[in-house]
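Work through the exercises below with the sequence and the 3D structure open beside you. Try each task on your own before you read its solution.

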Amino acid sequence: RVAPDTQIPDVAMEDLQRQVVEATRTWGEDLVDGARAEYGEEASSRLLASWGNAFPEAYKEDFQARVGVADLRHIEGLDDAGELRLNLYHAPGSPAGERRLKLYRRGALSLTAILPIFTDMGLEVTDERPYELDAVDGSTVHIYDFGLRAGSEEAWTRGTDGARQRFHEAFSAIWSGQAESDGFNALVLSAGLDWRQVVILRAVAKYQRQ
C-alpha cells in the first residue's frame, strides 16, 4: 500500500522476476547448483548423494550454500577419524584483528585438547559453533567454527609467506605431536616465524636453562 497521490515508479520486470525467483529458492537448491558449477555433473552427484541432506539447519542459518560447497571439498579430503583439516578465513565485516577457523574432523573433538593450543599461540577464542553432518552411509563429520582474536591487527599479515599458511602448518604440527604446545608458539603470529624456527628457539632456550 502507498499513500494517496504517490507516484509509483516503473518496475524493471526482469529484475523483479529475478528477485522473486531468488526469494523462493531453497538453500538445498543453491547447494545443488553451486556443487554442479564447482565439481561438474558427475562428481557433484556423488557428493550430494552422500552429503546433500547432511547439513543441519544451524549451519544453513549461519552460512550460504556456496560456503557449504567449499566445505564439501574439505570434508571429502578427510582420510580417517584422527585427521584434522583447517580453514582460516576473515569473515566479511569483522575487525581486522579477528579471524575465524574451521576445523573438519571425522568424529567429535575435545575442546579441552584444542583450546590450549589457541592460548599458546597468543589467541583469544571469542566463540565456537559446532556442526554435525551425518552422511547417508552413516559416517559423521564435525565442523567446528572458532572465532579468534589476535593481540594486534598486524599479527595476521606479518611475515613474507602469509600468516594463514604459517598458522595452518604450526597448528597441524602441534596437533600431530611434531611440535610442543607452549608460549613459544605465539611467535608464529607475533614475530612471523614458522613452526620449525620456533622449535629451534625452544631448543636453544632449554639448552640455556640447563
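The exercises that follow concern a predicted model, and they go from the sheet to a helix and then to the core.

**Exercise 1. Find the order of the strands in the open sheet of four strands, and explain why one side of β1 and of β3 has no neighbour in the sheet.**

Step 1. Moving across the open sheet, you meet its four strands in the order β1-β2-β4-β3, and their pairing is antiparallel.

Step 2. β1 and β3 (124-134) stand at the edges, where each has a single partner strand, so one side of each is left without a neighbour in the sheet.

Step 3. From one strand to the next, the twist averages 15°.

**Exercise 2. Determine which residues of α6 are buried, and what they pack against.**

Step 1. Place the helix first: α6 lies across β2, β3 and β4, and runs at about 30° to β4.

Step 2. Taking buried to mean under 20% relative accessible area, you find that Ile114, Ile117, Phe118 and Asp120 are buried in α6.

Step 3. Looking down the axis of α6, you see these buried residues fall within an arc of 170°, so they line one face of the helix.

Step 4. The buried residues of α6 pack against β2, β3, β4 and α7, whereas the face turned away from the buried side carries the exposed residues Thr112 and Thr119.

Step 5. Just after α6 comes Gly122, which takes a positive phi of about 80°.

**Exercise 3. Describe the largest nonpolar core, and state which element supplies the largest share of it.**

Step 1. This core has 29 residues, and those that touch the most other members are Leu103, Phe118, Met121, Leu123, Leu148, Phe167 and Phe171.

Step 2. Several elements each supply at least two residues of the core, including β1 (85-89), β2 (98-106), α6 (111-120), β4 (140-149) and α7 (163-176).

Step 3. The largest share, six residues, comes from α7, a helix that lies across β1, β2 and β4 and runs at about 150° to β1.

Step 4. Follow Phe118 as an example: leaving aside its neighbours within four places in sequence, Phe118 is in contact with Leu101, Leu123, Val125, Phe146, Leu148, Phe167 and Phe171.

Step 5. Apart from this core lies another, of 22 residues, among them Ile75, Leu133, Ala135 and Ile143.

Notes
Residues are numbered from 1 along each chain as its sequence is written. This is a predicted model: local features need pLDDT of at least 70, side-chain atom pairs count only at pLDDT 80 or more; totals for chains, interfaces and linings use all residues. Side-chain values use heavy atoms; hydrogens and water are left out. A nonpolar core is a set of buried Ala, Val, Leu, Ile, Met, Phe, Trp, Tyr and Cys residues joined through side-chain atoms within 4.5 Å. Buried means under 20% relative accessible area, exposed over 50%, partly exposed in between (1.4 Å probe, protein chains only). Contact means heavy atoms within 4.5 Å. Two strands pair if DSSP finds at least two bridges between them. Axes are lines fitted to C-alpha atoms, for helices over the stretch in contact, and angles run from 0 to 180 degrees between N-to-C directions. The arc is that of the directions from the helix axis to the C-beta atoms.
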